[in-house]
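I opened this entry to keep track of what I looked up. My notes follow in the order in which I took them.

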Amino acid sequence: MQRFQYYIDGEFLDGEARFQSIDPATGDVWAEMPEARDADVDRAVDAAEKALYEGPWAKMTATQRGKLLYRLADLVAANARKLAELETRDTGKIIRETSAQIAYVADYYRYYAGIADKIEGSYLPIDKPDMDVWLRREPVGVVAMVVPWNSQLFLSAVKIGPALAAGCTMVVKASEDGPGPLLEFARLVHEAGFPAGVINIITGFGPSCGAVLGRHPKVAHIAFTGGPGTARHVIRNSAENLASTSLELGGKSPFIVFADADLESAANAQVAGIFAATGQSCVAGSRLIVEASVKDAFLSILKRKAEAIRIGSPLDMATEVGPLATKRQQDHVTALLEKSIASGARLITGGQKPDGVGYYFPPTILDCDGVNSPSLAEEFFGPVLSVVSFESEAEALRLANDTRYGLASGVFTQNLTRAHRLMKGIRAGVVWVNTYRAVSPIAPFGGFGLSGHGREGGLAAALDYTRTKTIWLRTSDDPIPDPFVMR
Ligand code: NAD
């Protein structure tokens, strides 16, 4: 069995306790993980604070910080295969997806490496004589980063990259489900030569590790990705230390198809939009909103494509859909599907949890027209697509916005003016037109409403890890007069 350690203050440690990690493709234990509780969380945060104010990191120029980030990016690229295999093994995300995603993670680090020495302060044209006033941009402080199991290397890169560019130090908490790849990534951090304490990587459970970290008095900012329910705990915890928060949460993203769209192309995007990562994706296009006149034609293409998907071992390059990450996730998908069918939703394909080992669930499509199905409102975080149809553009927009989430959305149409109206009208942080699921380090990403607040990606994300300090300098050599002597 493989044993992992976590990384605190430049050292690899076994942790206060240990727990077992399960291979979702077989249901067997395959690795042992270190579990951080209060004492190790304290140690990690203390190390991060010391590195922020006293260590060599504090004295480095922004350009030197950028060079370290470039080195880390190169190491991620060179080790992408190994990291991808680990992520696949520990979370069940298929190797095709982890390989491509981790190769791209290196580009996120490169992007923020370049930004490190482009974060500038400013000089203010102040309204007083003999006074110079500047704004300095300084690192916000020690950052707590908490991520869920899916795509941990990616979800942490979009936090670690900008935070390092800004000069912060950090404690990253990997999910208790599949922490292996992030703990392995710590070895690359070490090899890249970051000073001890700058990046600490631990794992543990929500209440005994994540919550302890989030409310720690030395934490200045919490960058969280996960579900909205957990995010409420994160905010409550931040009431203790008054840390700022950025929250990347779930979604129930609309995927709108108009009759004039290229249906074959839209169907390919929809299949990737909902079945990639076995649906365990915050941007999953899980609500198909299709024009009534092409509903049957579009669903028959989708059904054919869904039924042709190769389900299998996530480590096999030919596999297109692997298992869900945990038994808990498989049970959740099964229960929400049963509830939706009981409400009147009709199964078009899939729906049957297969016999045998592993937490598999087949690509599933539900016709929800005329039904108040819970599948239209609640996040499966699994491979289940809910379908409704519309007669007019206004109805399509109303259905798209009929959600408390607001993360992503897709619009498929050849009509340019309609596309413009919808991109303005849809209430979501990302609108993809005639495409879906495109991301880039250069493009900000984040949600509205229950999908959270704050943006990851882009220059502004690095500025979010800074705070300004206002400096006043009196330039006159005249003595300051005694304020209590009347003149
Ligand atoms: P989760 O909210 O259960 O857990 C996320 C992390 O929070 C884990 O590391 C967990 O240990 C930690 N945690 C749990 N309780 C905590 C507490 N009280 N205080 C602090 N930390 C705590 O999420 P999950 O079920 O692992 O992941 C699925 C969710 O993540 C979905 O809702 C999905 O949409 C969302 N997600 C969002 C994005 C995005 O970028 N918007 C990306 C991926 C996943």
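Is Glu85 buried, partly exposed or exposed? I am working from a predicted model, and there Glu85 has 34% relative accessibility, so I put Glu85 down as partly exposed.

**Salt bridges**

I next looked for the partner of Glu85 and found Arg81, with N to O at 3.0 Å. Both residues sit in helix 4 (residues 80–91), and because they are four residues apart, about one helical turn separates them. Arg81 is partly exposed too, at a relative accessible area of 47%.

I then went to Glu456 and Lys159, whose side chains form a salt bridge at 2.9 Å, N to O. Glu456 belongs to the loop between strand 20 (452–453) and helix 15 (458–463), and Lys159 to helix 6 (residues 152–166), so this pair ties together parts 297 residues apart in sequence. I noted Glu456 and Lys159 as buried.

Asp177 and Arg328 were my next pair; their closest N and O atoms are 3.0 Å apart, in a salt bridge. I find Asp177 in the loop between strand 9 (169–174) and helix 7 (180–192) and Arg328 in helix 12 (residues 327–342), so parts 151 residues apart in sequence are tied together. Asp177 has a relative accessible area of 17%; buried means under 20%, so Asp177 counts as buried.

I also recorded a network in which salt bridges with shared partners join Arg3, Asp14, Arg18 and Glu32. My count of salt bridges came to 31.

I traced an open sheet of three strands in the order 1-5-4, with mixed pairing. Strand 1 (2–3) and strand 4 are at the edges with a single partner strand each, so one side of each has no neighbour in the sheet. Strand 1 pairs with strand 5 (residues 28–35) in the parallel sense, over two bridges. Gln2 is opposite Ala31 of strand 5.

I checked Ile22 in strand 4 (residues 17–23) and noted 35% relative accessibility, which means partly exposed.

**Whole protein**

I listed 15 helices and 21 strands. The radius of gyration is 24 Å, close to the 23 Å from the globule rule for 487 residues, so the protein is as compact as a globular protein of that length. The C-alpha trace spans about 85 × 60 × 40 Å along its principal axes. I noted 57% of the 487 residues as buried. Of the contacts between residues at least 6 apart in sequence, 72% join residues at least 24 apart. The accessible surface is about 20100 Å², and carbon and sulfur atoms hold 53% of it.

Technical notes
Residues numbered from 1 in each chain as written. Predicted model: local features only at pLDDT ≥ 70, side-chain atom pairs only at ≥ 80, totals over all residues. Heavy atoms only, no water. Buried < 20%, exposed > 50% of the residue type's maximum accessible area, 1.4 Å probe, protein only. Rg over C-alpha atoms; globule rule 2.2 N^0.38 Å. Contact = heavy atoms within 4.5 Å. Areas by Shrake-Rupley, 256 points an atom, 1.4 Å probe, with all protein chains shown as cover. Pairing = 2+ DSSP bridges. Salt bridge = Lys/Arg side-chain N within 4 Å of Asp/Glu carboxyl O.
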